[in-house]
Amino acid sequence: MKIILVMLNNNQEYILDNITNLLKYGNNDIIVITDKKFNDFFKDKCVKIVNTEDLISNYSTYVSSIKNTFRNGFWELTSYRFIVIYEYMKQYNIDNIIHIENDVLIYKNVDCIKFHNMNKLLLTMDSKNRCIPGIMFIPNHTILKKCLDTFNPKLNDMENFSNCYYNLNEYIDTLPIFLEYNTNSVTNMITKNYKHYNAIFDAAAIGQYLGGIDPQNKSGDTRGFVNETCIINYSHFKFIWKMIDGLKYPYILINNNEVPIINLHIHCKNLKMFS
């Protein structure tokens, strides 16, 4: 299964650590969609490069329009990347891809992940009104386009995909970020598919707790950070690492059970520490 990484306009050097980690766990079908100016950055990295300019003819014009915005277009590009992914899937006739953000580490060969519904777009919600699209399964460009057509440009990608979950529920479902433990509608939304995986996904809060948050947001040692929006407080649980066949795997201890964690969202950007 193809894993899609997107790096637009701004150089995020830690993407190379992500690629190294993906290859360690047997993920060899990696596509990086990026600007032509970054091609040499990925030289000899065992990935396929697709240039954004070849997908979207007016990309350069768009980049110029966001030049003086926050962090050189940070918020605009978090949403725009999905337009880029849509164009890639449509133009290359690609189905069934996993998209991860550049600071999301996966501790598994994704071909071994048996998704519970491959006809829906699958994402992680961490509260009633927030999706964090750090890891996402996208079955086809048609469903992705249905989401994009509903995007409100005044909202960020987290808010827009949350709205998609409610408004396009027949096309979207959630990946579990915790065990099923009660019948509350919100917790059911984020945990309901746990039994299929017997593992959890990290939307962001686990990686933030273990590694801290982006130093651009707050300087200093922020390990132990508790995400104020996520309805699960992961500081109440213990985390361990297991070495299996020379590779390390993260687990969370819940009710004396060792629950595998499929990915970690390394918000602090120090991917080497967790790879």
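1. Helix α1 (residues 15-24) is mostly covered, with seven of its ten residues buried. Buried means under 20% relative accessible area, exposed means over 50%, and partly exposed lies in between (1.4 Å probe, protein chains only). Helices (H or I, at least four residues) and strands (E, at least two) are DSSP runs, numbered from the N terminus. The buried set in α1 is Ile15, Leu16, Asp17, Asn18, Ile19, Asn21 and Leu22. These residues pack against β1 (2-7), β2 (30-34), β4 (97-100) and β5 (104-106). Contact here means heavy atoms within 4.5 Å. Just after α1, glycine 26 takes a positive phi of about 85 degrees.

2. On provenance: this is a predicted model, where local features need pLDDT of at least 70 and side-chain atom pairs count only at pLDDT 80 or more, while totals for chains, interfaces and linings use all residues. Residues are numbered from 1 along each chain as its sequence is written, and side-chain values use heavy atoms, with hydrogens and water left out.

3. Overall form. The protein chain has nine helices and 14 strands. Its C-alpha atoms fill a box of roughly 55 × 40 × 35 Å along the principal axes. Of the contacts with a separation of 6 or more, 65% join residues 24 or more positions apart.

4. Burial, surface and charge. Of the 275 residues, 53% count as buried. The chain exposes about 12,600 Å², and carbon and sulfur atoms supply 46% of that area (Shrake-Rupley method, 1.4 Å probe). There are 28 positive and 27 negative side chains, and the centres of the two sets lie 2 Å apart. Lys and Arg count as positive, Asp and Glu as negative; His and the chain ends are not counted. Each charge is placed at NZ of Lys, CZ of Arg, CG of Asp or CD of Glu.

5. Cores. A nonpolar core is a set of buried Ala, Val, Leu, Ile, Met, Phe, Trp, Tyr and Cys residues joined through side-chain atoms within 4.5 Å. The largest has 69 residues, and those with the most contacts inside it are Ile33, Ile85, Tyr88, Leu121, Leu144, Phe161 and Tyr234. Helix α4 (residues 74-91) gives the largest share of this core, eight residues. A second, separate core of 27 residues includes Ile19, Val32, Ile98 and Ile262.

6. Phe161 and Pro133. Leaving out residues up to four places away in sequence, Phe161 touches Phe82, Leu121, Leu123, Cys131, Pro133, Met136, Leu144, Cys147 and Phe151. Pro133 is in the loop between β8 (130-131) and β9 (135-138). Its relative accessibility is 0%, so Pro133 counts as buried. Beyond four places in sequence, Pro133 contacts Arg81, Phe82, His99, Glu101, Asp157, Met158 and Phe161. The C-alpha atoms of Pro133 and Ala204, 71 residues apart along the chain, are separated by 9.3 Å.

7. Backbone points to check. Most residues other than glycine have a negative phi. Cys46 has a positive phi, near 60 degrees. Cys46 is in the loop between β2 and β3 (48-51) and is exposed, at 59% relative accessible area. Asp245 also has a positive phi, near 55 degrees. Asp245 is in the loop between β11 (238-244) and β12 (247-254) and is exposed, at 78%.
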